[in-house]
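Have a look before the questions start.

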Amino acid sequence: MIAEAGLAALWLAAGLAALQLLLSVPTVRGTIDGAATVRAVAVVQGLFTLIAFTMLLTVFARTDLSVALVADNSNVAQPFIYKIAGAWGNHEGSMLLWVTVLAVAGAAFALLSHRTSEATRIAALGAQAALALGFYAFLLIASNPFARVDLATMLITGPTGLNPLLQDPGLAFHPPTLYLGYVGLSIAFSLAVGALITTEVDSRLARAMRPWVLGAWILLTLGITAGSYWAYYELGWGGFWFWDPVENASLMPWLAATALLHSVNVLAARAALKAWTMMLAVLAFSMSMVGTFLVRSGVLTSVHAFAIDPERGTFLLALLAIYVGAAFTLFAIRAPRLREGAPFELVSRESGLVVNNLLLSVILGIVFLGTLYPLFVEAISGEKLSVGAPYFNSVAGPLALFLAVLVGVGPLLSWRRERRPVLKRLTVPALLGVTALVITLALAPTLALLPRLGLTIAMFLAAASPLPLIGRNVLRTPLATWGMVVSHFGIAVALAGMAANGAFTSERLAVARPGEQLGVGPWTVAFGGVMPAAGKNFTSMEAELRASRGEGVVALRPETHYFSDPVMETNEAAIRTFWDGQLYTVVGRQDPSGGWQLRLWWKPFVTLIWAGGALIAIGGALALLGRALRGWRAGRPRPEPDWRRRYI
Amino acid sequence: MSRVLRFAPLAILVLLIAGLVWRLATPVDTDVHSRLEGQPVPAFALPAIVPGKPGLSSTDLASGRPRLLNVFASWCVPCVTEVGVLRQLQARGITVDGVAVRDRAPDLSAFLARNGDPYERIGSDPESRVQIDLGSSGVPESFVVDGRGIIRYQHIGPIEASEVPMILAELEKAK
């Protein structure tokens with residue numbers, strides 16, 4: 001019954017989306033007065049998707065094995081949290097989560113956004129309904145999450161559980177966070193489409209778009225950071241980023257959203273970069289859809305093995321072609337009618353942000369090309385190849401480093417025209433950067449170029465990023481400025497972590513017998529032996545390691561888990577964090593002579609990567625909070641005195 | 001903004017979609033191809049195991065016309081269903097030879113009496129020697145061997161009824 005109720009709610013939501021689209025057209029044209037109705041329909045549509053998703057969570061919580069999706073992706077023995085997470089750890093469930101977020105974002109937009117003209121808002125809601133409609137069709141026609149089990153196949157294959165790799169607390173939060181981010185960008189897309197329809201591309205539009213972009217960007221940042229850490233400790237390969245197509249699929253929308261976040265500020269403050277900002281708003285969500293397509297269609301091989309089905313791939317590709325094609329066509333038609341606002345000079349904050357946007361776009365292009373290049377080579381020459389980390393690191397790396405330098409400079413420039421001597425303010429950070437360079441040259445003369453430059457620039461940026469606060473009354477500085485400083489400082493921290501990881505990691509691979517000692521970096525690791533153990537739905541072999549570097553001994557217990565349902569083996573790394581790095585240990589198989597494979601890494605300052613990612617997101621959250629408080633204050637009936645408005 | 005620039009995103013999109021459509025239309029070949037395909041059958045001579053049926057040696061396979069070599073066992077459950085399919089192939093004029101892996105004569109005779117006997121020759125491979133030489137990791141597996149004794153195709157797992165046309169096509173190709 002619950003599954004059928006969920007399916008019914010989904011059909012109703014789809015019907016409401018169609019109604020919302022149909023009503024929005026005459027409303028925007030002005031032939032009917034339907035604005036209030038369109039908004040109400042958007043809210044109810046959001047509610048129905050929430051009901052459908054709750055129903056899916058319920059059947060997973062109860063392990064209702066008569067629902068095909070549950071039978072294929074869950075079993076009774078699983079811990080409760082993974083039963084719930086199983087709801088979106090599969091194709092159908094995650095697509096339902098996708099449309100739920102899409103519709104709920106539309107509902108929130110209908111309720112909260114008041115800045116643009118009514119016509120633009122309704123046009124945006126129409127665009128949002130059109131987006132949702134395609135994904136409802138996809139769910140209902142090609143991937144029904146509520147389908148009942150086919151008993152005949154069930155008897156042959158039996159129920160299976162969630163892929164053990166995904167049985168991890170990371171899974172409970174990582175995909176939903178990314179989805180919220182991806183789909184949050186849909187509002188920016190719809191607003192851009194709406195504004196292109198009404199040709200009201202102005203600073204009001206930018207202010208309406210900004211919180212959605214910021215919110216989506218924060219969630220994408222968190223999602224990517226969490227995903228990176230999850231891959232780091234769960235896959236047991238010791239790397240934090242693999243340039244895997246699925247990772248790139250999340251990085252591309254983030255790059256576009258980062259560029260959009262900056263250009264939307266130019267549009268808000270100076271009414272400039274109109275066409276460019278609209279292009280980016282369309283592009284950011286398009287990249288989310290491309291990412292979803294790449295992950296779901298299986299056109300690119302990846303460590304993220306999802307159920308693959310050509311029918312679904314074709315369906316998603318059709319949706320992608322229709323939506324992005326329509327938006328790009330609209331852009332091509334309307335772009336000549338967008339008049340650019342105030343001009344700016346070569347050295348100004350505007351041009352700084354233009355350079356930021358150009359660099360981010362070029363990096364985006366590099367990632368995009370690298371991800372899809374194997375596909376095109378195979379299409380043209382039939383040759384199979386894969387593009388790996390060396391390409392991405394050597395092509396995108398230098399650009400990213402150059403961008404990191406500009407991150408230190410840009411915020412010091414003033415709007416329109418720079419009169420103050422900016423370079424003088426950067427003396428101290430520049431000196432610190434050079435000092436870092438000299439130290440690395442003295443202590444580690446054989447370092448590769450990129451990690452060395454990374455450490456230098458991280459030092460420079462860490463010192464340069466707080467400069468916008470210098471000389472201001474700290475309490476009266478807007479939260480948005482604080483947010484910017486924290487985010488930019490976070491970039492320096494993450495960069496330092498990546499460079500340190502690249503420069504100073506020590507690795508040791510060995511076959512060890514119980515009682516042997518191994519050295520890795522400053523550590524001596526004693527291998528005590530291997531003991532069998534049992535978990536709730538797996539058995540395991542647990543190695544006992546005792547590590548020391550002079551003072552004190554720490555115990556580490558890396559494990560190999562053997563799952564029976566489905567049959568699979570995973571390595572659970574044992575990781576110990578210290579202030580100056582992480583000791584990362586993995587136990588593998590036993591070799592015929594009785595030794596065990598051990599992999600040990602000492603990774604100095606590697607945690608800075610994710611700490612930096614978190615700081616970047618926290619900075620975004622501060623900015624969002626600042627804007628929200630300001631909007632709330634501005635929304636109060638009592639007018640603020642002019643002197644306050646100027647400073648807050 | 002120039003006309004070229006305005007339509008550039010659309011042009012890139014069309015290219016991308018074309019590439020992806022091509023990719024969806026030509027699925028990736030994920031099949032594992034045997035290393036032995038194109039190689040001669042390794043030399044072996046297996047004794048008979050079933051009364052009245054000759055044993056099998058590699059020279060029997062180079063008989064001037066394609067044959068199907070089936071690695072099987074009476075203790076193998078999927079082989080029970082596969083025998084029916086092999087008999088269909090036999091009925092179409094295909095010569096099927098068997099390598100019985102780690103089998104016992106009474107068990108095998110009972111197996112053939114119960115399920116039917118599609119085999120022209122059966123060689124007994126009590127220690128899996130020939131099976132390993134053939135690069136076969138389990139039972140059942142089948143090899144299409146052409147008239148000169150060269151392996152043209154290796155089929156891992158039982159031949160399903162739906163795969164009969166495919167096997168016939170492979171045998172046709174081996175002529």
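Q: What should I know before I start?
A: This is a predicted model, where local features need pLDDT of at least 70, side-chain atom pairs count only at pLDDT 80 or more, and totals for chains, interfaces and linings use all residues. Residues are numbered from 1 along each chain as its sequence is written, while chains are lettered from A and ligands numbered from 1 in the order in which they are written.

Q: How many helices and strands does chain A have?
A: Helices (H or I, at least four residues) and strands (E, at least two) are DSSP runs, numbered from the N terminus. Chain A has 20 helices and 10 strands.

Q: Is helix α17 of chain A mostly enclosed or open?
A: Call a residue buried if 20 or more other C-beta atoms, placed from the backbone, lie within 10 Å of its own, exposed if 12 or fewer, and partly exposed in between. In α17(A), 14 of the 16 residues are buried, so the rest of the structure largely encloses this helix. Over chain A, buried residues make up 49% of the 648 residues.

Q: What span should that helix have?
A: The expected span is 1.5 Å times one less than the number of residues. For α17 (residues 449-464) of chain A that gives 22 Å, and the end C-alpha atoms are 22 Å apart, which agrees.

Q: What does A:Ala119 touch outside its sequence neighbourhood?
A: Two residues are in contact if their C-beta atoms, placed from the backbone, lie within 7 Å. Leaving aside neighbours within four places in sequence, A:Ala119 is in contact with A:Val28 and A:Thr198. A:Ala119 sits in helix α6 (residues 118-142) of chain A, and counts as partly exposed because it has 18 C-beta neighbours inside 10 Å.

Q: How many residues of chain B are in contact with chain A?
A: 14 residues of chain B contact 21 residues of chain A. On the chain B side there are 11 nonpolar, 1 polar and 2 charged residues. Here Ala, Val, Leu, Ile, Met, Phe, Trp, Tyr, Cys and Pro count as nonpolar, Asp, Glu, Lys and Arg as charged, and the others, Gly among them, as polar.

Q: In what order do the strands of the open sheet in chain B run?
A: Strands pair if DSSP finds at least two bridges between them. The 5 strands go β5-β4-β3-β6-β7 in chain B, with mixed pairing. At the edges are β5 (119-125) and β7 (151-156) of chain B, each pairing on one side only. Strand β4 (residues 96-101) of chain B runs parallel to β5(B), joined by 6 bridges.
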